[in-house]
Amino acid sequence: MLTAAAPQKVTARRNQVVEARASFQLPGGYHVNSNTPNEDYLIPLRLKWEQGPLVTVEVVYPKPEQRNYSFSTKPVSVFTGSFQIVTKFKVAANAPPGPGVVVGKVHYQACSEDTCYRPATLEIPLTYEIH
Amino acid sequence: MSYKTLGFFHSIKKTGWAVPAIAVLIGACSTPACRSSSRVKASGDRKPAPDFSLKDADGKTVQLSDYRGKVVLLNFWATWCGPCKIEIPWFIDFEREHKDQGFAVVGISMDEDGWQAVRPFISEAGINYRVLLGNDSISQLYGGVEALPTTFLIDRDGRIASVHEGLVSKGTYEHDLEQLFQGASGARASGVPVVVARAN
């Protein structure tokens, strides 16, 4: 359902703060709950990166849309179509120089107007080079 | 009705690649109006509903074969599924109105957080039918259920008479059930044996 384009390779020095931008795409007619759904029972989208030399400082989600669906009495906070999530990393002070890959996991739950899909996890690799 | 108290946090257990395939399968007919046009299969075209063994909220083991001789509405759902919540009040009505006619609704929750998420929901929604906790095995047994709601209508002989994937109208279910009540009663009167297929 949700597809992703891997972020561009990150090149950085120790202690530097860098950004990685991951792009996502949903087919027309489908949505995923945003990272801040309006109802407690809805499963939020979350991006988490595995631990490594790139330390996550902040994950910046796009501004969600507030859409009306027949199954909810109030607008639902969603992402649709194409959207991007930006992650700010700080390179660890003791990071070993050289190339590497860190994997982010996007946990999400998608629906259409009349159907929901079981929660799923999408893995996105980020390649980096530390000088 | 508010379900705001039903907080819910999912652990990462699945990868997402089975979902697109399901989306493609239903893509040709993705609106409620389209899918509601499906009709009950002719008796000879029905396949046996796989038997299963799952726990209910009281910890009791329940098998589909326990319902032999009854028309069963088998509904796959989850607490996080908005469209499922539209159908649940209908199923409550069906259970109340038809339980004396040899009919039962059986809900299979696909909540990964288990009873912790499902029990409060059952109470708050006033669900009057049996709810079981599903898993990947039963999902696979029924063709890989990834889209919710998905509902199977099973005749008194334990065969799948119709399948509805996604939200359809209450009238569609009423129509299907009416056919099953009529058709199945004839089979019972004629002494046709009731057989429910067993899973391996």
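Which residue forms a salt bridge with B:Asp155, the closest N and O atoms being 3.1 Å apart? The partner is B:Arg159. Welcome to a predicted model, where local features need pLDDT of at least 70, side-chain atom pairs count only at pLDDT 80 or more, and totals for chains, interfaces and linings use all residues. Residues are numbered from 1 along each chain as its sequence is written, chains are lettered from A and ligands numbered from 1 in the order in which they are written, and side-chain values use heavy atoms, leaving out hydrogens and water.

**Salt bridges in chain B**

- Over all chains there are 11 salt bridges (a side-chain nitrogen of Lys or Arg within 4 Å of a carboxyl oxygen of Asp or Glu).
- B:Arg46 and B:Asp155 meet at 2.8 Å, N to O, so this pair ties together parts that are 109 residues apart in sequence.
- B:Arg46 is buried at 17% relative accessible area, and B:Asp155 is buried at 2% (buried means under 20%, with a 1.4 Å probe and protein chains only).
- A network of salt bridges links B:Arg46, B:Asp155, B:Asp157 and B:Arg159.
- B:Asp93 also bridges to B:Arg96, at 3.0 Å; the two sit 3 residues apart in helix α3 (residues 82–98), about one helical turn.

**Strand pairing in chain A**

- Strand β9 (residues 82–91) runs antiparallel to β3 (residues 17–25), joined by 9 bridges (pairing takes at least two DSSP bridges; strands are DSSP E runs of at least two residues, and helices H or I runs of at least four, numbered from the N terminus).
- In this pairing, A:Phe24 stands opposite A:Phe83.
- β9 also pairs with β6 (residues 54–60) in the antiparallel sense over 6 bridges, with A:Glu58 partnering A:Lys88.

Definitions and conventions:
Buried means under 20% relative accessible area, exposed over 50%, partly exposed in between (1.4 Å probe, protein chains only).
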